[in-house]
Amino acid sequence: MATPRRPQRDSLTNEFDQAMKPVSLWADAWRRLKKNRMALAGLCVILFYFAACLCSPVLPIYPYAEQVVAHQNLPPSFRPAGQVMIETRTAYLKQTMEADDRTEFSADEQAQVEAMVQDVRSNPVHRRVYLLGTDNLGRDLLSRILYGGRISIMIGLTGTLTAVFVGIALGSISGYVGGRLDNLLMRFVDIMYSLPYMLLVIIMMALFGQNIFNLFVAIALVSWLTIARVVRGQIISLKNAEFVEAARSMGASTGRIIFRHLTPNTLGVIVVFATLMVPQFIMQESFLSFLGLGVSAPMASWGSLVKEGADVMELYPWQLLAPAITMTVFLFAMNFLGDGLRDALDPQSKNKL
Amino acid sequence: MLRFTLRRLFSLIPTIFLIISLAFIIVRSAPGGPFSSERNTTPEILENLKKKYHMDESLPRQYLRYVGGVLQGDLGPSFRYKDYTVNQLVRQALPTSMLLGSLALAVAALAGIGVGILSALRQNSWIDYTTMSLAVIGISVPLFVIGPLLKLFLAIRHDWLPTSGWLGGRHGWLVLIMPVTTLCLPYLASIARLTRASVLDVLRADYIRTARAKGLSETAVMLRHVLKGALLPVVSYLGPTFALILTGTVVVETIFTIPGMGRFYVQAAFNRDYTLILGDVIVVSILMMVMNFLVDILYGFLDPRISYK
């Protein structure tokens, strides 16, 4: 009679006594996420954006605030700026010539183009290539979009991190301790929810001045509300679970139970929320920038670039299209990744809001 | 039901006071004042100006005076638009913003719910995939990108729609199309996603199986049971959405030069037009609360489990 084989320590066995590899929540989620092609594509796009924006100081691009007066409003092109300059000028002169019913350039116009050609030959600055064109002050749009992306993404990330930390802390404590404290905190959250928040932010930015710090404070002020509510709900549903009782019976302190045992169990939900929050922050920041309340010149953010582009879109559409498309692609990727993460971490929910 | 309604209405009063007080504190703690940009003012003139607007009194007294006025429905005189009271300014601008906002909300809700139900019923078909991908685009593209792009292609490149303006001009109701489309798209997309998810949830619920088991026709199941249950989360989303749309009108009004409340928000704050800022905040907050209140009431009709006592 064979003695039943004792399972080895630290290994799982199923009912047939076969060894099983333990699968953590995260490994499982990653396996599911890998199957979701849109989410993976989103992840790649986001990583590319992060890399490009992070490296923008060392990339071979022109300084984002440097104005070259001669290079105003040049369209996107792979060729050197000088050539583009001459072409746009000639095209413009041809247009006026046809409008005036002439067949030749006047001496004055001829001289103008000659001078430009001379200048282009002698000045090395005209050898620059503006892949995305320039704005109305002759600044490189590619460089401005990259540096604007740094600001936009930074605000998105710092806002989210603040929201996550404050939200987890207050939500966990409120949910675990319960009673009076819980009532008080949740009543406060309710009141904050009933404020016309964006209107207050607009007013505060206009009153206290436009700088990044104010922007950050205004956006982070109420961002933690939703996370706090969600975490609280999760904690309340978990706090009577057996593993909490076990921890308590072994003498774990309240703080330890909250932050070592309960909070990690809510991380899945938080990750999903955080991913979807980044695009929201970026949108809010750009919303303010669009109203002229965001970052101040010569700094740029995607919102302020879209705003500047929209002002001149009739004549120079690329100045609107380039930042608008850049920003939309990023937000798009973030949303796809967020959806993918939600499906991966919580297979039961199907794209809930 | 009536008692619940009344109690709910009364509970709004402290919140409104809180909002007024908070806004008062924020506005008054900002540097500068309404008269700091006046040129060539002698101290005497400044003194008289201050007296006229009761700015010479202590802050608590000013606060009480203001709240007293608000209780009587008087939002005070505007500091900047000297010939107007805030009431007059709001009365001129609010209907425009409300029309724009309500139209956008109505379009977003109706179209969003329709699209959501359609893609839930045809789950995993090409309709579902297309509409849901479009929905992600919808929530990813900010208002101030959609607006200028629509304007660029529909009004500037092609002369199909008027670039700007409002009702009463020579273009008639055509001026409504672009602003309403711009304003409703993100919310339409969110509502479509939400509806789809909640219809899928409800379709799996036990009470739907019961309804089918007792022999109800598929149409009856869909209309009486699925739709009613699935609309709950959508309805609760409408309250906050209305608030977002109200602030979203700022951008749309800027892009399409519409004479609504939006232009006051930023300008009033820059001008330190204290009464106008507070008036804006109060009006928008009350609108938000009324909307949330209506949503609560609607909720009770849709969900028999909720009883208002």
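Chain B contributes 39 residues to the contact and chain A contributes 36, two residues being in contact if their C-beta atoms, placed from the backbone, lie within 7 Å. This is a predicted model, in which local features need pLDDT of at least 70 and side-chain atom pairs count only at pLDDT 80 or more, while totals for chains, interfaces and linings use all residues. Residues are numbered from 1 along each chain as its sequence is written, and chains are lettered from A and ligands numbered from 1 in the order in which they are written.

On the side of chain B that touches chain A, two or more residues each come from H1 (2-29), H5 (126-140), H6 (143-157), H7, H9 (218-255), H10 (262-271) and H11 (274-302) of chain B; helices are DSSP runs (H or I, at least four residues) numbered from the N terminus. H11(B) gives the most to this side, with seven residues. By class, the side comprises 31 nonpolar, five polar and three charged residues; Ala, Val, Leu, Ile, Met, Phe, Trp, Tyr, Cys and Pro count as nonpolar, Asp, Glu, Lys and Arg as charged, and the others, Gly among them, as polar.

Within chain B, the axes of H4 (residues 86-121) and H7 (residues 177-203) come within 6 Å and cross at roughly 35°; axes are lines fitted to C-alpha atoms over the stretch in contact, with angles running from 0 to 180 degrees between N-to-C directions. The contact of H4(B) with H7(B) has 22 nonpolar, four polar and two charged residues.

B:Ile191 touches B:Ala108, B:Ala109, B:Gly112, B:Ile113, B:Gly116, B:Val234 and B:Tyr237, not counting residues up to four places away in sequence.
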